[in-house]
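Let's take a friendly walk through some side chains. Keep the model open beside you as you read.

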Amino acid sequence: MHIDCAIIGGGPAGLSAALVLGRSRRHVLLFDDNRPRNAVTRESHGFITRDGVKPSEFRAIAHQDIARYPSVTVKSQRVTEVRHSGRGSFHVRTGDGIVYHSRTIILAAGLKESLPAVPQIQDYYGKSLFSCPYCDGWELRDKPLVVIGESGSHAVSLAKFVYNWSKDLVVCTNGRQVLTQEQLAMFARKGIRVQSQRIRALKGSGGQLQSVQFEDGSEIKRAGGFVSPKWRHAIDFGEKLGCAMNEHGGLVKDEYGRTTVRGVYAAGDGALITPAQLIIAAGDGSRAALGVNGDIVNEDFDR
């Protein structure tokens, strides 16, 4: 099966790209294995007209929009391989062994996170512990919060932002001595407490954090907070295809999603190795779709 564009990833970037390309009369396959990173999140914020939407509801509405365009097909399959065909197109193989042939590729599979090594942290992540203050800071405003970060620079940056929403803040480095004397002095001036002991346990119920317990048995009451994960590509197709990477490990691309490999485009969080709000990822997918369609238009018109 020959198509104009294979979109790998069914998050906001991939969905937005599929919509724009469908409206551009392009034959598109959107591959979505239905394992979104934000599946643990109860609500998504910051998307105008959809503030507070459940991620599952957002996806359902997006699929309804896309279904209006017959040239777009959603495949509930995981892509296992993408490679050059040698004829100016790409082979896309899925987990069921089927191979599709596409003129272009949009990589929009996003990121996966590795959370700090704290017992029970997964029980609270996405419920009362989050990674993005812009997404969830408003709901935690003025509450006693914790920032958990095992990297000094990341913990400092995250704490500075969280301080905008709550001044009652404790920074925990989980047993790592990663803060400089200057950083410790800066936090002290702002009234931000620092706890460098390893975290023994998080306590609470139903995903709602109530306290943080440390190795020496001491405990602090907290109503929620933020963590600084390590981010990585959900899939490494860009690197395997030979796309250049930036200093953060993201895919180098221009304003229309073009990577350094002809025919390969990137959209969403994977370009910068940092998670973005839904509205930013969706806009990035739209730009990548404009890049794809514009390049195909020019290529075909000049033949």
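## Around histidine 233

In this predicted model, histidine 233 touches Gly110, Leu111, Lys112, Met245, Gly249, Gly250, Leu251, Gly270 and Ile273, leaving aside residues up to four places away in sequence. You can find histidine 233 in strand β16, which covers residues 230–233.

Is histidine 233 buried or exposed, or something in between? Its relative accessibility is 23%, so histidine 233 counts as partly exposed. As for lysine 127, its C-alpha atom is separated by 23 Å from that of histidine 233, and the two residues are 106 apart along the chain.

## Aromatic pairs

Now for the rings. Searching the whole structure turns up five aromatic pairs. One of them joins phenylalanine 47 and phenylalanine 58: the ring centres are 5.5 Å apart and the planes meet at 55°, so this pair is tilted. The pair links distant parts of the chain, with phenylalanine 47 in the loop between β2 (28–31) and α2 (55–66) and phenylalanine 58 in helix α2, 11 residues apart.

Phenylalanine 47 has a relative accessible area of 18%, so it is buried. Phenylalanine 58 is also buried, at 12% relative accessibility. Elsewhere, ring pairs link Tyr134, Phe161 and Trp165 into a cluster.

## Charges over rings

Some rings have a charged neighbour over the face. Arginine 141 lies over the face of tryptophan 138, 3.9 Å from the ring centre. Lysine 167 lies over the face of tyrosine 163, at 4.8 Å from the ring centre.

Key. Residues numbered from 1 in each chain as written. Predicted model: local features only at pLDDT ≥ 70, side-chain atom pairs only at ≥ 80, totals over all residues. Heavy atoms only, no water. Phe/Tyr/Trp six-rings, centres within 6.5 Å; stacked < 30°, edge-to-face > 60°. Helix = DSSP H or I, 4+ residues; strand = E, 2+ residues; numbered from the N terminus. Buried < 20%, exposed > 50% of the residue type's maximum accessible area, 1.4 Å probe, protein only. Lys NZ or Arg CZ within 6 Å of the ring centre and 35° of its normal. Contact = heavy atoms within 4.5 Å.
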